[in-house]
Amino acid sequence: MIKVNVISGFLGAGKTTLIKHLATALAENNEKVVILENEFGKVGIDGKLLELEGLSVYEISSGCICCTLKHDFMTTLIRIAEDIRPDRILIEPSGIFVLSEMYDIFNNPQVNSKLELSSAFTVIDSINFLKQREHYGYFFENQIRYADKLILSKIKDVPRDTLIKIMEELQSINPRVEIFSKEWTTMSNKDFLELLQFQKHTPSLEQAKFNDANSSSHHTHTHGNHNFMAFGLVPQSKCSKVELSEKLATLAKGTLGTLIRAKGHIKSENGILEFNYVNGTYEIDELTHDIEPSVCFIGEDLDKVGISTLFDK
């Protein structure tokens, strides 16, 4: 039976970074690992980054595997199990994934005859959690309620009282869940392997459906009351680090729509610039290796023409 671990979390929480650490640790432990990526938009940024690390990656894009792409997801899982036969599959759903739907997928006999859902983790962005939960509460509550373990990210610069408040909110949603709050940069491969070891207590599918039916919010295939959109670009022009920072600062003002997440690679005079934007804050790095330029944006009421013009001038 092939083990499956789901690494859930809202947009920009740090899922890809955690998967990279887990995959490296598992490979050192002589496990054959396949990563299955679900990008909400058409442009797959994270898959390219993982492939650069020498990892085996499959991608499902242009939708969400909890609704519009559920059949494609199940078909891909079965194909990986039959053709690749790995020891383990690490699944990274899109940031607006509804975690309770995963149990429905693994309740299918064609899937669970070959694959075992060993765990479902949810990565919690310590910097943005409290603010984002106010606006996107359903996704957080669902991903927290049905997780086997909650893993805090970006805790290095978060005040202790804020971390305590986050943990209190998390435990109010899922009182029995284990919360892991160690700084990732201090962890060894052995530490990351130990993350996969725990006593599973996730609710059954029947209990999950009961809880959702009695929740104050309800998920639909349009993701509740939120009309998320995603689109990608392949920028043709080069820009400096300063110019890229100015573009991202413009996006943060909100005049081109409510941008939640943006990421990608852009050519500069000295090589490639990589950027990560989450909820108005962003980081830019200069890469030493080559990668094909592409960027993607996820948010609500985005001005696609305005953003495209901004990044191609």
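**Salt bridges, aromatic pairs and helix packing**

In the predicted model, Glu 82 has a relative accessible area of 40% and is therefore partly exposed, this value lying between the 20% under which a residue counts as buried and the 50% over which a residue counts as exposed. Lys 114, with a relative accessibility of 29%, likewise counts as partly exposed. These two residues form a salt bridge in which the closest N and O atoms are 3.6 Å apart. Because Glu 82 belongs to helix 3 (residues 70–84) and Lys 114 to the loop that runs between helix 5 (109–112) and strand 5 (115–125), the pair ties together parts that are 32 residues apart in sequence. In total, the structure holds 8 salt bridges.

Together with Arg 145, the residues Arg 133, Glu 141 and Glu 169 are linked in a network of salt bridges.

Aromatic contacts were examined as well. A search of the whole structure finds 5 aromatic pairs, and ring pairs link Phe 231, Phe 275, Phe 297 and Phe 311 into a cluster.

Phe 311, a member of this aromatic cluster, also takes part in the contact between helix 11 and helix 12. The axes of helix 11 (residues 241–252) and helix 12 (residues 304–311) come within 10 Å and cross at roughly 165°. Helix 11 is therefore roughly antiparallel to helix 12, as angles over 145 degrees are counted in this way. The crossing of the two helices, helix 11 and helix 12, is right-handed. On the side of helix 11, the residues in contact are Leu 244, Lys 247, Leu 248, Thr 250 and Leu 251, which meet Ile 307, Leu 310 and Phe 311 of helix 12.

Terms used:
Residues are numbered from 1 along each chain as its sequence is written. This is a predicted model: local features need pLDDT of at least 70, side-chain atom pairs count only at pLDDT 80 or more; totals for chains, interfaces and linings use all residues. Side-chain values use heavy atoms; hydrogens and water are left out. A salt bridge is a side-chain nitrogen of Lys or Arg within 4 Å of a carboxyl oxygen of Asp or Glu. Helices (H or I, at least four residues) and strands (E, at least two) are DSSP runs, numbered from the N terminus. Buried means under 20% relative accessible area, exposed over 50%, partly exposed in between (1.4 Å probe, protein chains only). Rings of Phe, Tyr and Trp (its six-membered ring) pair if their centres lie within 6.5 Å; planes under 30 degrees apart count as stacked, over 60 as edge-to-face and the rest as tilted. Axes are lines fitted to C-alpha atoms, for helices over the stretch in contact, and angles run from 0 to 180 degrees between N-to-C directions. Angles under 35 degrees count as roughly parallel, over 145 as roughly antiparallel, 65 to 115 as roughly perpendicular and the rest as oblique. A crossing is left-handed if the near helix is turned anticlockwise from the far one by less than a right angle, and right-handed if clockwise. Contact means heavy atoms within 4.5 Å.
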